[in-house]
Amino acid sequence: MDFVECTCPYCFEQVEMELDPMTSGSFVHDCAVCCNPWQVHVHRDADGDISVDVQRAQD
Ligand SMILES: [Zn+2]
């Protein structure tokens, strides 16, 4: 598993998210702290670095 640190766009807590090694692209993930839905975009580049963009899935 890969672990990435994200800042929740709702409660602004730092949350560590577990990513399956095959996970990439976009999906919805609920915040572990406030349970609001994140729209998560995972990008993996050729040398395995992960970048994660977290936005609100709804306002
Ligand atoms: Zn939250």
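**A zinc site, a sheet and a salt bridge**

Hi everyone, let me begin with cysteine 34, which is partly exposed because its relative accessibility is 27%. For that term, buried means under 20% relative accessible area, exposed means over 50%, and partly exposed lies in between, with a 1.4 Å probe and protein chains only. Before going on, please note that this is a predicted model, where local features need pLDDT of at least 70, side-chain atom pairs count only at pLDDT 80 or more, and totals for chains, interfaces and linings use all residues. Residues are numbered from 1 along each chain as its sequence is written, and side-chain values use heavy atoms, with hydrogens and water left out.

So what holds the zinc ion? Its protein donors are Cys8 (SG), Cys11 (SG), Cys31 (SG) and Cys34 (SG), lying 2.3 to 2.4 Å from the zinc ion. Donors here are N, O and S atoms within 2.8 Å of the metal (3.2 Å for Na, K and Ca), and since water is not among the atoms, sites may look incomplete. Along the chain, the donors follow the spacing C-x2-C-x19-C-x2-C.

An open sheet is formed by 3 strands in the order S3-S4-S5, with antiparallel pairing. S3 (25–30) and S5 (50–56) are the edge strands, each with a single partner, so one side of each has no neighbour in the sheet. On average, neighbouring strands are turned by 30° against each other, direction ignored; that angle is between axes, which are lines fitted to C-alpha atoms, for helices over the stretch in contact, and angles run from 0 to 180 degrees between N-to-C directions. Strands are DSSP runs (E, at least two residues), numbered from the N terminus, and two of them pair if DSSP finds at least two bridges between them.

Strand S4 (residues 37–44) is joined to S5 by 7 bridges, and valine 42 stands opposite valine 52 in S5. S3 and S4 are joined by 6 bridges, with phenylalanine 27 opposite valine 40 in S4. These two strands form a hairpin with 6 residues between them, and cysteine 35 in the turn has a positive phi of about 70°. Cysteine 35 is exposed, at a relative accessible area of 57%.

Where else does a positive phi turn up? Phenylalanine 12 has a phi near 60°, and this residue sits in the loop between S1 and S2. Phenylalanine 12 counts as exposed, at 59% relative accessibility. As background, most residues other than glycine have a negative phi.

Next, methionine 17, found in strand S2 (residues 14–19). Is methionine 17 buried or exposed? At 2% relative accessibility, methionine 17 is buried. Leaving out residues up to four places away in sequence, methionine 17 touches several others, including Phe3, His29, Trp38 and Val52; contact means heavy atoms within 4.5 Å.

Finally, the structure holds 1 salt bridge, in which the side chains of arginine 44 and aspartate 2 meet (3.2 Å, N to O). Arginine 44 lies in S4 and aspartate 2 in S1 (residues 2–7), so the pair ties together parts 42 residues apart in sequence. A salt bridge requires a side-chain nitrogen of Lys or Arg within 4 Å of a carboxyl oxygen of Asp or Glu.

Note on methods. Helix = DSSP H or I, 4+ residues; strand = E, 2+ residues; numbered from the N terminus.
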